[in-house]
Each structure stands twice: as C-alpha cells, then as structure tokens.
Amino acid sequence: MSSTKIHIPQETIDTWQSLLTIMAAKHLIPAALIMKIESADIKVFLSSESEGNPYKIGDSDSLIGSGLYCERVIKTKSKLLVANALIDPEWDKNPDIKRNMISY
C-alpha cells in the first residue's frame, strides 16, 4: 500500500470531527470513525467525541490479516453490514469485539 501524503485543511478536519460526533449521537452508537491506512497498519484519524467511545485518535492495528471489518471493506471495495458479530460465525472472532464494537 502506498503512503502518499495528502494535506487536509484544518477547517475540513474540524468539520469532519463535528460530523462524526453528530452522527454517533443521532444514531445512538458509541463510535464513528475516520480511519487512515499507514503502510500495513490502519490508524484512527478522527473519532467521535462520544461518551464511552473506546477509540482514540492515533490508535492503530495491523491491517493485513487482522480480521478487522475495515480489512474486508478495503479488500472487497464493498459495503459491509454486520448486525451482531457475537452471533455471526463469520465475525465472532473479530478483534474489535474486545472494544465492544459488535456491529458494523
């Protein structure tokens, strides 16, 4: 994966941050995220300012072979809907379950 640097104006970042927080509140979800791929890792670029959100800006995980929801989306370039990973045999070992991210 390439690591092209893109400059994102602070005004855009601030707008995205506000939108994430509004979306999380409106949909009653603990986290809304914008992720960034860096080499073989995926990193939290922005995270909603929601109560109980386990994701902090800068958190990162290995992407390749991780079993993360994002890995599937990136590989297939398709939408993904996981209603409840705890009862879905395809997703019940997803590493994000430990952060209580059971839907995607």
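Tutor: Two strands pair if DSSP finds at least two bridges between them. Strands (E, at least two residues) and helices (H or I, at least four) are DSSP runs, numbered from the N terminus. Here Asp41 stands opposite Ser62 in β3. The model is predicted, so local features need pLDDT of at least 70 and side-chain atom pairs count only at pLDDT 80 or more, while totals for chains, interfaces and linings use all residues. Residues are numbered from 1 along each chain as its sequence is written, and side-chain values use heavy atoms, with hydrogens and water left out.

Student: In what sense do β1 and β2 pair, and over how many bridges?

Tutor: Strand β1 (residues 33–38) and strand β2 (residues 41–47) are antiparallel, with six bridges. Ile37 faces Ile42 in β2. The two strands form a hairpin with two residues between them, and Ser39 in the turn has a positive phi of about 60°. Strand β3 (residues 60–62) also runs antiparallel to β2, joined by three bridges.

Student: How should I read a salt bridge?

Tutor: Side chains of opposite charge can pair when their charged atoms come close. The rule asks for a side-chain nitrogen of Lys or Arg within 4 Å of a carboxyl oxygen of Asp or Glu. The count by this rule is six.
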